[in-house]
Amino acid sequence: MKTVKTLEERIGDLILISCPLLGGSDIIEVRLHAVETAGLWLETNKFTELLHAERPSEKDAVPVVFVPFARIDFVLSRTL
């Protein structure tokens, strides 16, 4: 039987989520940076591009955003 990795085991991986706060009605790909009791720390291309456009001097910075679980509709994962 195939198993699904936990979110903690997926830290550093790209995952797919449905989160109206970040992607409207779209399913978006994000990089998972950390898992907390109340939500996830995520890296999105949208915020990275926004930061680099607004602050070119921070072109090497990669912003992460905390999203509470209550704002995430679902996370898609693959089995191993």
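Five strands form an open sheet in the order 4-3-2-1-5, with antiparallel pairing; strands are DSSP runs (E, at least two residues; helices are H or I, at least four), numbered from the N terminus, and two strands pair if DSSP finds at least two bridges between them. This is a predicted model, in which local features need pLDDT of at least 70, side-chain atom pairs count only at pLDDT 80 or more, and totals for chains, interfaces and linings use all residues. Residues are numbered from 1 along each chain as its sequence is written, and side-chain values use heavy atoms, with hydrogens and water left out.

- Strand 4 (65-68) and strand 5 (74-76) are the edge strands, each pairing on one side only.
- Strand 3 and strand 4 pair in the antiparallel sense over 4 bridges.
- L40 has V67 in strand 4 as its bridge partner.

**Nonpolar core**
- The largest nonpolar core has 11 residues: I15, I17, C19, L22, I28, V30, L32, L40, L42, V67 and I72.
- Such a core is a set of buried Ala, Val, Leu, Ile, Met, Phe, Trp, Tyr and Cys residues joined through side-chain atoms within 4.5 Å, where buried means under 20% relative accessible area (1.4 Å probe, protein chains only).
- Strand 2 gives the largest share of this core, 3 residues.
- I72 touches S18, C19, L40 and V67 (heavy atoms within 4.5 Å), not counting residues up to four places away in sequence.

**Confidence**
- The mean pLDDT (the predictor's confidence in each residue, from 0 to 100) of the protein is 87, and 95% of its residues reach 70 or more.
- Among the elements, strand 3 has the highest mean pLDDT (96) and helix 1 (residues 20-23) the lowest (81).

Key:
Buried < 20%, exposed > 50% of the residue type's maximum accessible area, 1.4 Å probe, protein only.
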